[in-house]
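Trainee: Please take me through this structure one feature at a time. For each feature, give me the general idea and then the case here.

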Amino acid sequence: MKQNQSTTATTPDDGSAPAESAHDNGCSCGCAEHAGASEPGSESMPDEELLYDLADLFKVFGDTTRIKMLYALMGQKLCVADLAELIGATQSAVSHQLRTLKQARLVKFQRDGKNVIYSLSDDHVYTMLAQGMTHICE
């Protein structure tokens with residue numbers, strides 16, 4: 001997935017306003033917010049590179065261990081050791097998968113002394129997981 005630091009959005013833990021997102025910086029995603037459209041498909045096709053990035057994002061959801069980790073982080077912040085114990089994986093495996101989740105901007109972390117605490121990056125990640133579960137349970 002292409003990383004673009006100038007368009008990375010983060011939600012601070014201090015309650016302040018979130019940093020600018022790609023949408024605030026004039027992205028060319030073709031979303032309803034920019035095109036004035038209300039339904040996907042009613043505007044022009046998004047840029048090819050954005051479609052590749054979207055496909056890469058969905059590939060990250062294609063691993064059961066990563067899905068377990070994201071679900072574990074839906075309701076709480078966890079360190080690697082606690083996350084590994086909760087999902088029944090080794091700390092090494094969890095650390096390896098966290099790298100992928102961080103690169104995809106699905107999880108964020110904060111340091112607490114020597115510990116690193118992980119959480120979902122934002123409400124969009126929670127929504128994607130919840131909607132996915134709703135879809136397969138229909």
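**Reading the features**

Mentor: Start in helix α2, where K59 and D56 are 3 residues apart, so about one helical turn separates them. Helices (H or I, at least four residues) and strands (E, at least two) are DSSP runs, numbered from the N terminus. This is a predicted model, in which local features need pLDDT of at least 70 and side-chain atom pairs count only at pLDDT 80 or more, while totals for chains, interfaces and linings use all residues. Residues are numbered from 1 along each chain as its sequence is written, and side-chain values use heavy atoms, with hydrogens and water left out.

Trainee: What do the side chains of K59 and D56 form?

Mentor: The general idea is helix geometry. An α-helix has 3.6 residues a turn, so residues three or four places apart point the same way. In this case the side chains of K59 and D56 form a salt bridge, with 3.6 Å from N to O. The term requires a side-chain nitrogen of Lys or Arg within 4 Å of a carboxyl oxygen of Asp or Glu. The count by that rule is 1 salt bridge.

Trainee: Is K59 buried or exposed?

Mentor: Relative accessible area decides this: buried is under 20%, exposed is over 50%, and partly exposed is in between (1.4 Å probe, protein chains only). K59 has 57% relative accessibility and counts as exposed. D56, at 24%, is partly exposed.

Trainee: How many helices and strands does the chain have?

Mentor: There are 6 helices and 2 strands. Their order along the sequence is α-α-α-α-α-β-β-α.

Trainee: Which residues of α3 are buried?

Mentor: In helix α3 (residues 64-72) they are R66, M69, L70 and A72. They lie on the same side of α3, because they cover an arc of only 160° around the axis. The arc is that of the directions from the helix axis to the C-beta atoms. Among the elements covering these residues are α2 (48-60), α4 (80-87), α5, β1 (107-112), β2 (115-120) and α6 (123-137).

Trainee: Which residues are buried in α4?

Mentor: V80, L83, A84 and I87 are buried there. Their arc is only 100° around the axis, so they too are on the same side of their helix, α4. The face turned away from that buried side carries the exposed residues E85 and L86. The cover over the buried residues of α4 includes α3, α5 and β2. Just after α4 comes G88, with a positive phi of about 75°.

Trainee: At what angle do α4 and α5 pack?

Mentor: Two packed helices are described by the angle between their axes and the distance between the axes. Helices α4 and α5 pack at about 110°, and their axes are 9 Å apart. Axes are lines fitted to C-alpha atoms, for helices over the stretch in contact, and angles run from 0 to 180 degrees between N-to-C directions. The pair is therefore roughly perpendicular, a label for angles of 65 to 115 degrees (under 35 is roughly parallel, over 145 roughly antiparallel, the rest oblique). On the α4 side the contact (heavy atoms within 4.5 Å) is made by V80, A81, L83, A84 and I87, and on the α5 side by Q91, V94, S95 and L98.

Trainee: With which residues is Q97 in contact?

Mentor: Leaving aside its neighbours within four places in sequence, Q97 is in contact with D63, T65, R66 and M69. Q97 is in helix α5 (residues 91-103) and is buried, at 12%.

Trainee: Where is R105 found?

Mentor: R105 is in the loop between α5 and β1. R105 is not a glycine, yet has a positive phi of about 60°. At 36% relative accessibility, R105 is partly exposed.

Trainee: How far apart in sequence and in space are I117 and K77?

Mentor: They are 40 residues apart in sequence and 6.2 Å apart in space, C-alpha to C-alpha. I117 lies in strand β2 and is buried, at 17%. Leaving aside neighbours within four places in sequence, the contacts of I117 include K77, L78, C79 and F109.

Trainee: With which residues is V125 in contact?

Mentor: By the rule that leaves aside neighbours within four places in sequence, V125 is in contact with L70, L106 and L120. V125 is in helix α6 and is buried, with a relative accessible area of 2%. Among contacts in the chain between residues at least 6 apart in sequence, 46% join residues at least 24 apart.
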